[in-house]
Amino acid sequence: ALASNLFSGTMPPPMAALRDLKTLSLSDNDFDGSVNVLWGITQLEFLYLEGNAFTGKVDSLFCSDMEKLVQLDISSNVFSGSMPSHLLQHSSLEVLDISDNGLIGTIPEISEINRGLRFLAMADNLFFGSIPPSISKLEDLHHLDLTGNDLNGDIPVSLTQLAKLSYLFLSENPDFQPGPVPGFLRNMQELRELSLSNTGRDGGIPFWIGQMKQLVLLDLSRNALTGVIPANIWSLPNLSYLLLQRNNLSGNFPNGVTKSSKLQLLLVEKNDLSGDLSEICNLPVEHVFADCDEITCSCCQCCNDKEVNCNDMNILYSNQDFHWEYNYERVGYAFSPEILYPPSTGVQTRSGA
């Protein structure tokens, strides 16, 4: 593991000789250039390249000979190309993160049922077109992040077939077909984190949101939602992050926010809400943004109608960044001679080495 250092340069050609290497972590350095030297290291199971400046084309040959891959993270690099369908049909891959690159094209159709992939992140690329209904064939998917692309069409009802999905981020895709918060989401009772920010949602916040008892994060910000905030939203026992800012919500702010004892972040600015939010001051909330010229609140951070760019900064939803390391543990090995040279080899190792 060479992660999180200040290493730079390109991958040296002799790396191609590491035919039995199973884990390679070069993440969070200053490496650049091609990764083609890795092709042929067919025993790799865990490959972490994120947070560098690696370049090259992601295509049908990319990692195609790594049949034992379990976790692949190439996020935050400068890769180009498209989404190869073989990575979505891989026999052993559980975690796939290709976020924050320059990939373009459509999300490929998934031809066969895949019960292996648990984590799929394709955020912050240039993908366009609709989400294929065959996404439902990723039957064991827990985490799906398509944030920050150019996707369009309807949000597919086939998502409801992902019975184990707990994290769904479709935000920052403004070309989705406008419409209300999809009613089929009420059937996805395992959802813990849901973001539909800037996806053209209109209509009201549905009352059934209060039945999504697992929700920890709900982000409906930067849409065209109207009507009132339903009071039963405070009955969600795990709600910690609620982002409703920059909509057209109106009416009195609903009483009962103190029922949300886990609330850490509440953003409701740039709406037409009124009333008294002072009871929230009895909670240990980290951040509350509201329109203080319309809402009474002694502990809120204020945005006024004349402050067009108020709270434009990127607010972290928590002290975590929702990077996949916090949701799925990475592999870890105790590098000791006993692992490298088991007793059957006859190699002598020192006690305590």
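Predicted model: local features only at pLDDT ≥ 70, side-chain atom pairs only at ≥ 80, totals over all residues.
Residues are numbered from 1 along each chain as its sequence is written, and side-chain values use heavy atoms, with hydrogens and water left out.

User: How many salt bridges does the structure hold?
Analyst: A salt bridge is a side-chain nitrogen of Lys or Arg within 4 Å of a carboxyl oxygen of Asp or Glu. By that definition, the number of salt bridges in the structure is five.

User: Which parts of the chain does the pair R118 and D140 tie together, and how many residues apart are they in sequence?
Analyst: The side chains of R118 and D140 meet in a salt bridge at 3.6 Å, N to O. R118 lies in the loop between β9 (104–105) and β10 (119–121) and D140 in the loop between β11 and β12 (143–145), so the parts that the pair ties together are apart in sequence by 22 residues. Strands here are DSSP runs (E, at least two residues), numbered from the N terminus.

User: Which residues are linked with D140 in a network of salt bridges?
Analyst: D140 also meets K164 through their side chains, in a salt bridge of 2.5 Å, N to O. K164 lies in the loop between β13 (150–151) and β14 (167–169), so this pair ties together parts that are 24 residues apart in sequence. The residues linked with D140 in the network are R118 and K164.

User: How many residues apart are E172 and R222?
Analyst: The side chains of E172 and R222 meet in a salt bridge at 2.9 Å, N to O. E172 is in the loop between β14 and β15 (193–195) and R222 in the loop between β17 (217–219) and β18 (224–227), and this link between distant parts of the chain spans residues that are apart by 50.

User: Which residues make the nonpolar surface patch of about 260 Å²?
Analyst: Patches are made of residues with over 30% relative accessible area and no salt bridge, with like charges joined within 9 Å and nonpolar side chains (Val, Leu, Ile, Met, Phe, Trp, Tyr) within 5 Å. Areas come from the Shrake-Rupley method with a 1.4 Å probe, and for residues only the protein chains shown count as cover. F128, in strand β11 (residues 126–129), is partly exposed at 39% relative accessibility. The patch is made by I104, L126 and F128.

Notes:
Helix = DSSP H or I, 4+ residues; strand = E, 2+ residues; numbered from the N terminus. Buried < 20%, exposed > 50% of the residue type's maximum accessible area, 1.4 Å probe, protein only.
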